Amino acid sequence: MAAEVPRETERAPESKGSILHLQDVTIAFGGIRAVDQLSFDIRTGAILSLIGPNGAGKTTVLNGISGFVPARGSIRFDGRELIGRAAHRRAGIGIGRTFQNLQLFGEMTLLDNVLVGQHAVMGGNILLDLLGFPVARREAVAREQAMAILGRFGLERYASRPARVLPFGIQKLAGVARAVAAEPSLLLLDEPAAGLNRAESGRLGELIQRLRGDFGLTILLVEHNMRLVMDISDHIVILDDGRKLAEGPPREVAGNPAVIEAYLGSTRDDIAVEEVRDGLVDRA
């Protein structure tokens, strides 16, 4: 049987200070390349946003990094090659993830959902604890930690309520809380602001920035809300048809004619161009 992690080939070195390095990453489904020879770095402690028109391949990139779809090329995390590693092994070395569609256990309480998130760092017995096995001290410590995380998100008052009965915005925050509970060093956020109103999105942006500092996170954000992206990103990578169209700081990217063309195409007008440039159009 072949080794789980293939032998590394000659690759360009990561940029100094980067925690994640993608080089020539290609992800194909049948004959269609959803991601085509994509390369970029994420600097440790940065918030990098991956944006682009619908169908550009953004979520597929997250799936490739987290191991849910096979990829070719090189994905190096903290100096370790990820290509060939199973998804659960990637989570175990410090990669956390949220999803576009809520993945909460609806019948479980919000607290127990966060406890499940701690499984990666506390071992398989946490699931036995939830089923009532007599490991009282372990359960008590885990619950204290989970409640502390809920407190950081302002969700402690919902701890004992089933996830399914909570407002959508609370469930979205709970999904992020569960990912943080796994103590990742790299957090992949897939459209965390989807379905939130402007005020909720603003609070989410503040929370993401706070989490970066409080938990020492590096964050890769896929998001449609351009206001949020422009407000909190250190660096932006733009995809179009699976290829990198441009990258750079928010102000530089917002003024790139190729980016405006990709978002608005032949239907653009002067007002729409200004809105995209200012990061005010939710059309990513």
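**Exercise 1.** Determine how many bridges join strand β9 to strand β10, and which residue of β10 is the bridge partner of leucine 239.

*Solution.* Begin with the elements, which are DSSP runs numbered from the N terminus (helices H or I of at least four residues, strands E of at least two). Strand β9 covers residues 235-240 and strand β10 residues 243-248; they run antiparallel and are joined by five bridges, where pairing requires that DSSP finds at least two bridges between two strands. Within this pairing, leucine 239 has lysine 244 in β10 as its bridge partner. Finally, follow the chain through the hairpin, in which two residues lie between β9 and β10, and note that aspartate 241 in the turn has a positive phi of about 55 degrees.

This is a predicted model, in which local features need pLDDT of at least 70 and side-chain atom pairs count only at pLDDT 80 or more, while totals for chains, interfaces and linings use all residues. Residues are numbered from 1 along each chain as its sequence is written, and side-chain values use heavy atoms, with hydrogens and water left out.

**Exercise 2.** Classify asparagine 63 as buried or exposed, and find which residues it touches.

*Solution.* First locate asparagine 63 in helix α1. Its relative accessibility is 18%, so asparagine 63 counts as buried (under 20% relative accessible area, with exposed over 50% and partly exposed in between, using a 1.4 Å probe and protein chains only). Then list the contacts (heavy atoms within 4.5 Å): leaving aside residues up to four places away in sequence, asparagine 63 touches Phe68, Val69 and Arg97.
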